[in-house]
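Colleague: I have not looked at this structure before, and I would like to be taken through its fold step by step. Could we begin by putting it in view?

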Amino acid sequence: MIYVCEKCHFTFERVGSIEQCPDCGKMSIRQANEEEVNKDLQIKDEFRKTNLLFVDQRKEHG
Ligand SMILES: [Zn+2]
């Protein structure tokens, strides 16, 4: 389940329910809508791409 904080718009994934924002600590958490979920997935995809080289380098060291 993906949640978003209404105060700081921090988007995060949690299993089960959560009431408090892990970023700002406000109790203003709601489920992310489809648009926000897609945006979150996009950011994670970009993050993966930019870190692929780094991950490959780490593999070489076993
Ligand atoms: Zn927050």
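What follows is a short exchange about the sheet and the core of this predicted model.

Colleague: In what order do the three strands lie in the open sheet?

Modeller: β1 is joined to β2 by three bridges, and these two strands run antiparallel. β1 also pairs with β3 in the antiparallel sense, again over three bridges. The edge strands, each pairing on one side only, are β2 (11-13) and β3 (29-31). Read across the open sheet, the order is therefore β2-β1-β3.

Colleague: Which residue in β3 is the bridge partner of Val4?

Modeller: On the β2 side, Val4 stands opposite Thr11, while Ile2 stands opposite Glu13 in that strand. Looking towards β3 instead, the bridge partner of Val4 is Arg30.

Colleague: Which residue in the turn of the β1 and β2 hairpin has a positive phi?

Modeller: The hairpin formed by β1 and β2 has five residues between its strands. Within that turn, a positive phi of about 60 degrees belongs to His9.

Colleague: Which element gives the most to the largest nonpolar core?

Modeller: The largest nonpolar core has six residues, namely Tyr3, Val4, Cys5, Cys21, Ile29 and Ala32.

Notes:
Residues numbered from 1 in each chain as written. Predicted model: local features only at pLDDT ≥ 70, side-chain atom pairs only at ≥ 80, totals over all residues. Helix = DSSP H or I, 4+ residues; strand = E, 2+ residues; numbered from the N terminus. Core = buried A, V, L, I, M, F, W, Y, C linked by C-beta atoms within 7 Å. Buried ≥ 20, exposed ≤ 12 C-beta atoms within 10 Å, placed from the backbone.
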